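Reader: Please take me through the pockets and the cavity of this model, with the linings.

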Amino acid sequence: MKKWKKYLLAFFSVFLFLQPALQARAEVPYKTYTIDGYGYVTETQTAYTPKTTFSKIGDHSLVSPMDLKVTEDGYIYIADAGAGVVYVSTLEGEYVKTIGEGELSEPYGVFVTENKDVYVADHSGKVVVFDDTGAVGAVYTKPDHPLYGSGEFKPVKIVVNTGGDMYIVCEGNSNGLVQLTPTEGGTFLGYFGTNYASVTVLRMIQEAVFTDEQLARMVSNLPATPVNVAIDKQGLIYTVTPGEGQTSLKKLNIAGSNLIEPDAYDGKEAAVAVGNHDNVFVASSDGYIYEYNSEGDLLFVFGGRDDGRFRIGLSKKVEAIDVDARDNIYILDSDAGQVQVFEATEFTNLLHSALNLYENGRYTESKEPLEEVLEMNSLFDYANEAMSRSYLQEENYEQALKYARVSKAFSVYSDSFWEVRNTWLRNHLISAVGIILLVCILIWILKKVHQKKGIFNPVIKATEKPRNSGYWQRLKYMAYYMKHPVDGAYGLRYEGKSSWITAGTLLVLTTAVYVINKYYCGFLLRNVREGRYTIMNDVLSIVGVFVVLTACNYLMCTINDGEGSFKRLFCGFAFALTPYILFQPICIIVSNVITYNEVFLIDFGQIFITTWVVILIFLTIKEVNNYTVKETFKIIFLTAFTVLILALLAFIIYVLFRQIVEFITAVAGEVVYRIYGKQ
């Protein structure tokens with residue numbers, strides 16, 4: 001009884017200790033994720049917490065808000081298409097003034113310049129410019145230019161650079177952003193940031209085969225139209241286009257070249273904004289918010305779609321996003337008719353501080369906030385990578401290696417290892433050469449002494465019986481088979497060189513080399529997470545694939561008058577793996593002492609080994625079955641087809657088995673419910 005009291009007391013102590021954290025977590029209706037160095041999505045600390053929400057600007061309820069812009073001096077401009085005006089409020093939603101009443105029809109986009117000029121993209125077919133007092137300064141309609149084309153002019157979003165040039169997203173215009181300059185009442189400069197049309201193999205075949213009438217009836221293969229646009233202080237243009245994969249977010253320089261490739265996206269991008277630390281925010285229409293650094297590395301993703309419970313922090317349909325000077329995020333939800341405000345946590349503020357210092361070249365100063373970030377989350381890969389780059393700039397290569405290894409920052413690891421290796425070579429090269437010479441001299445002396453004194457005769461005599469055994473002789477045959485596969489296959493057929501034990505040994509050695517290569521090759525070439533081992537699955541995969549391929553090949557050879565038995569083929573394929581067994585360990589050793597500059601050595605080694613093994617397998621099939629070259633190619637093709645059919649059959653059986661299990665589980669659950677649920 002005392003023991004139970006002790007456990008209960010411990011439980012309630014832990015509960016009371018965790019209760020504040022649980023309550024704080026409960027206030028956030030979503031989780032925050034990031035991406036680690038291996039490309040896996042992993043949960044991290046809450047980056048932003050919902051701060052407030054408002055759906056009214058003073059006494060004015062938002063009807064159909066489509067865009068917002070937050071200015072540096074602390075005002076929010078909201079384009080309300082339903083009300084036909086632009087509302088101006090404080091950051092808390094307090095009413096300041098209304099712009100465009102009676103002038104605007106469907107304001108879909110708004111942009112505010114540094115001198116307080118307000119540019120409004122009116123979906124009715126015009127761009128209206130207002131000054132700080134709300135007076136109309138200029139109106140731009142459809143460009144009267146041959147290059148614009150005959151399409152409609154329906155502006156939905158707009159940004160303006162410091163020279164007054166406008167970049168406009170127009171609905172249905174697949175040519176890109178419409179670029180206007182204010183000179184001569186609005187001069188059309190051309191299209192900017194055009195997306196590429198996707199061309200599939202099927203489409204290419206259709207265009208080559210179909211007639212003009214058939215092609216005319218098909219859906220046009222046009223580039224996707226951007227849905228939102230932003231601009232930073234350097235004049236770089238950011239666009240988002242849903243469904244474009246890695247080019248869904250673009251960062252365009254003056255030449256229209258893309259400078260960013262995000263490593264995460266969801267295909268429903270709806271809005272984009274530039275932060276205060278060279279970071280970029282993208283919001284999906286479903287309410288997920290992505291924050292990237294200047295290179296497109298994902299820092300955080302959070303938020304989500306409202307499930308009808310109207311929880312703060314979740315959205316129905318996001319139309320716009322912006323950030324104020326304090327790093328608060330403002331999300332405009334058109335379906336809910338409201339603005340949601342997110343506040344950065346201490347963790348995020350520290351990361352932003354480090355990001356700001358690092359992006360400005362103050363690497364040493366950035367380490368202090370980075371260390372605080374890592375104290376909160378030691379596995380936050382971006383912070384570890386930034387630390388590694390900071391130490392690399394300081395030429396502290398040992399520490400750079402440490403943090404680069406944790407964050408999987410392969411380029412930093414390569415550069416740091418290069419320097420560490422050079423230092424080691426300078427300090428130890430002479431000693432290493434001396435040791436090698438001493439070993440060579442010692443071996444030479446021992447040989448001379450053995451010739452005169454026979455000092456190794458006892459060892460030779462003791463190992464004579466194992467070395468002359470049939471097992472050892474057949475195992476040594478692997479070297480002969482590797483160099484003379486035609487004669488080696490003859491030995492398998494007529495000289496009894498095949499042995500289940502020998503072939504099994506070679507298969508075990510192949511599996512061992514594969515496992516060692518997978519988990520202990522050089523860091524720069526490793527594709528598995530450190531500390532994660534699936535050795536049993538690896539062993540079963542290698543053995544299973546080997547046996548299945550051999551069985552399928554034997555089946556096809558038997559059907560096509562092949563002379564080889566299953567045993568001979570099994571042993572021949574095992575002998576064909578000899579180059580991998582002998583030379584792959586060399587690649588493993590070399591991979592641990594190279595940088596990216598020498599990776600070509602490993603690539604060449606892999607090509608060399610693979611080619612050799614393939615040639616040996618080809619000759620094994622040919623010689624063991626007494627085939628011609630043409631017949632051998634035919635058998636290989638039939639074997640591949642058989643493996644494909646077998647894999648398809650296994651998949652069908654797996655799906656049927658799962659359905660049977662689910663059916664039995666559902667029936668059992670129903671039975672249990674009917675028996676006990678009504679009691």
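Reader: Which strands each supply at least two residues of the lining of the largest pocket?
Author: The model is predicted, so local features need pLDDT of at least 70 and side-chain atom pairs 80 or more, while totals for chains, interfaces and linings use all residues. Residues are numbered from 1 along each chain as its sequence is written, and side-chain values use heavy atoms, without hydrogens and water. Strands are DSSP runs of E, at least two residues, and helices are runs of H or I, at least four, numbered from the N terminus. The strands are β6 (65–70), β10 (107–112), β14 (155–160), β18 (228–231), β21 (269–274) and β25 (318–323).

Reader: What is the volume of the largest pocket?
Author: A pocket is an open set of points on a 1 Å grid over the protein atoms alone, with protein on both sides within 12 Å along at least five of seven lines; a cavity is a set where a 1.4 Å probe fits but cannot get out, and lining residues have an atom within 4 Å of a point. Points are joined across faces, edges and corners, and volume is the space filled by probe spheres set on them. For the largest pocket this gives about 1,200 Å³.

Reader: Which element gives the largest share of the lining of the second largest pocket?
Author: Helices α13 (500–520), α14 (535–559), α17 (599–625) and α18 (629–676) each give two or more residues. The largest share, eight residues, comes from α17.

Reader: Which helix gives the most to the lining of the largest cavity?
Author: L351, A354, L355, Y358, L370, Y382 and A386 line this cavity. Four residues come from the helix that gives the most, α4.
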